[in-house]
Amino acid sequence: MAQSLPPDAIDSAAGNPIPANTAIPSNGVNPASQLNQASQVNSASQLNTAGQLNPVNILNRPNIVEVVGLSHWFGTGAMRRAVLQGVDLRIGAGEMVLLTGPSGCGKTTLLTLVGALRAVQQGSVRLFDQELNAANRDQRQRLRRRIGMIFQGHNLLRCLTAEQNVQMGADLLPDLGYRSRRDLAREWLRAVGLGDHLAKLPHDLSGGQKQRVAIARALAGRPQLLLADEPTAALDSRTGREVVDLLQGLARDQGCGVLMVTHDPRILDVADRLVQMEDGRLLEPAPASPAVE
Amino acid sequence: MTNFWSSRRIPLAWLLLSRQPARLAVALAGIAFAGILMFMQLGFRDGLFDASVTVHKLFDADLVLISPRTMSSIGMASFPRRRLVQVMADPAVRGITPVNWNLLLWRNPQTRSTRSILVLGFEPADPLFTDPSIAVKAKGLSQKGRVLFDQLSRPEFGPIASWYNQGKVVETEVAGKRVRVADLVSLGASFGADGNMLTSRETFLKLMPSTPPGSIELGLIRLAPGTDIQAASRRIKALLPDDVKILTKQGFEEFEKNYWRSSTAIGFIFTLGSAMGFVVGCVIVYQILYSDVSDHLPEYATLMAMGYRLAGLLGVVAREALILAALGYLPAYISAQLLYGLVRSGTKLPVAMDPQRALLVFSLILVMCLGSAAVAMRRLGDADPAEIF
């Protein structure tokens with residue numbers, strides 16, 4: 001049932017990136033709204049704790065991210081320090097890639113480069129078939145509208161209710177009226193199991209609930225790529241598990257690629273592919289099944 | 001319109017302000033304070049200038065003649081009375097009143113101290129003021145040595161009004177000559193004169209024997225109803241030589257106000273006062289907006305990471321400033337109305353809200369808020385979306 005969640009599931013199974021205007025929840029009855037949080041989380045975790053990596057055929061999907069020979073430095077002159085050295089990475093549409101590695105190995109830098117938050121110094125980053133190297137601020141800002149971002153510390157706007165926070169994500173969609181953007185925000189909050197907390201301020205929500213709102217906000221902009229930086233770091237293990245399962249289920253239904261940085265060994269099994277990083281380089285392809293279990 | 005309404009977004013600026021009521025209250029109090037300060041200072045300034053023409057406003061005239069050497073009501077130069085008579089040649093002129101105008105020393109009959117009083121001398125049969133009751137009382141001036149005392153004069157001239165109302169015969173000295181108060185009138189003290197006194201031309205010449213009988217300080221000209229005053233003024237100007245100056249009644253008042261504005265520090269002092277209000281307001285609004293932007297910097301960075309444009313976020317700060325300006329102006333306007341009422345009843349200064357000043361203060365508050373916002377916005381440039389991961 002969880003898999004039937006948004007109507008785009010068929011699209012993503014067929015390997016097409018989602019056209020920007022095929023509607024996710026709109027007005028009226030939506031399957032997502034009928035789901036309660038428990039059934040969602042349960043079915044998702046059954047699928048994943050069964051031990052197998054999610055059997056998605058990655059090979060015939062178009063790449064939404066193509067990183068080739070990416071190097072990055074911080075500082076200048078004598079203080080110049082290499083953070084990334086010749087990184088190659090590909091992410092297909094709907095693929096979930098987990099990036100692990102010790103602190104300070106450059107994971108977050110890679111994430112900000114892929115997320116078009118930083119200018120590329122050397123190498124090539126192609127995002128949705130557009131080269132980021134030499135892209136200016138404006139072009140990067142426009143590309144970011146197609147990327148959903150989930151942060152370690154949720155980064156919700158304190159003065160907005162859960163619903164308004166999610167609508168800040170939906171407000172970036174062109175050609176949608178205020179009402180449909182608000183309905184979209186409500187549908188997404190229901191999809192993450194917070195249908196009863198629409199009018200609450202972040203202040204009144206628990207850590208896990210805030211992270212769910214952040215997920216709803218990231219997805220409300222109909223992204224083709226989702227970047228998450230340790231989304232479970234501030235959560236206890238059970239809540240963290242629930243949030244990641246939810247994220248995985250929803251991203252898959254949207255056909256949305258995911259790049260997630262994590263330290264949390266308990267959630268590695270949700271990955272389609274596991275990438276390890278050390279000292280600014282990616283290690284050779286991870287073994288077929290992650291080392292956690 | 002529906003399109004515009006439907007394309008609206010979350011009203012972030014309003015929510016940022018309204019969800020922090022304490023900060024909003026401080027900001028509004030600050031802006032309202034600055035607004036009240038500007039309203040009061042500008043109000044006092046205009047009120048004082050208005051007070052300088054208390055007597056000028058009362059004259060029954062469409063045009064006036066003065067000497068080109070006259071600078072203000074406290075130094076009226078004389079010109080030949082003939083010039084005023086010449087004006088009668090113009091067909092639009094209905095009537096003229098020659099007026100002698102000087103400041104003389106009035107002796108307080110109670111304390112015997114002297115004080116300068118404005119003395120107007122005119123033929124009691126001629127109309128002087130628009131107030132008809134004065135024309136009736138002026139009949140009492142036909143006897144020599146009689147004067148009409150302005151009961152709105154400052155109290156330093158003595159308890160003239162109360163003595164007169166008790167039925168006493170009030171006699172005192174003006175410029176060393178004995179005069180008797182024939183009746184009381186209500187004119188009002190002005191900036192240049194603490195008190196006023198009306199008398200006949202004959203008595204005036206007795207009080208000031210050095211005045212040549214053919215010279216006057218002010219000529220009042222009344223035109224036929226419906227006459228184009230400007231055109232008549234131009235005709236009369238062409239008619240007369242350069243030893244007199246012709247002004248409309250309005251122009252006469254402006255001439256007097258302009259003297260106080262340009263040759264005294266009054267305008268400067270009160271303009272400086274309102275400038276201080278402006279600066280204080282700027283500092284307060286800047287502080288509020290700057291700390292608001294700083295506190296929300298990670299949130300702004302998050303919005304930029306989500307794909308919101310910097311220009312859009314600058315617009316949020318600008319809208320905050322506009323909201324603050326509008327909400328802060330209202331209490332300032334209302335308080336100023338109340339304070340003007342208090343000042344009017346307390347000091348007899350003609351201070352009132354006028355639409356021009358209301359607009360001026362609103363524009364100043366708007367400039368204050370938007371200017372402060374523009375400076376506070378520079379902080380937004382520090383919001384680096386790459387730093388939020």
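How are α6(A) and α8(A) oriented to each other, roughly parallel or roughly perpendicular? They are roughly parallel, a class that takes angles under 35 degrees. The model is predicted, so that local features need pLDDT of at least 70 and side-chain atom pairs count only at pLDDT 80 or more, while totals for chains, interfaces and linings use all residues. Residues are numbered from 1 along each chain as its sequence is written, and chains are lettered from A in the order in which they are written.

The axes of α6(A) and α8(A), being lines fitted to C-alpha atoms over the stretch in contact, come within 6 Å and cross at roughly 25°. The crossing is right-handed, and the contact (C-beta atoms, placed from the backbone, within 7 Å) is made by the residues below.

| Helix | Range | Contact residues |
|---|---|---|
| α6(A) | residues 162–170 | Ala162(A), Asn165(A), Val166(A), Met168(A), Gly169(A), Ala170(A) |
| α8(A) | residues 207–220 | Val213(A), Ala216(A), Arg217(A), Ala218(A), Ala220(A) |

Arg357(B) lies in helix α13 of chain B, residues 355–377, and counts as partly exposed (between the buried limit and the exposed limit of 12 or fewer) because it has 17 C-beta neighbours inside 10 Å. Leaving aside residues up to four places away in sequence, Arg357(B) touches Leu42(B), Gly43(B) and Asp46(B); the C-alpha atoms of Arg357(B) and Gly43(B) are separated by 8.0 Å, although the two residues are 314 residues apart along the chain.

Technical notes: Axes fitted to C-alpha atoms, helices over the stretch in contact; angles between N-to-C directions. Helix = DSSP H or I, 4+ residues; strand = E, 2+ residues; numbered from the N terminus. Parallel < 35°, antiparallel > 145°, perpendicular 65-115°, else oblique. Left-handed = near helix turned anticlockwise from the far one by under 90°. Contact = placed C-beta atoms within 7 Å. Buried ≥ 20, exposed ≤ 12 C-beta atoms within 10 Å, placed from the backbone.
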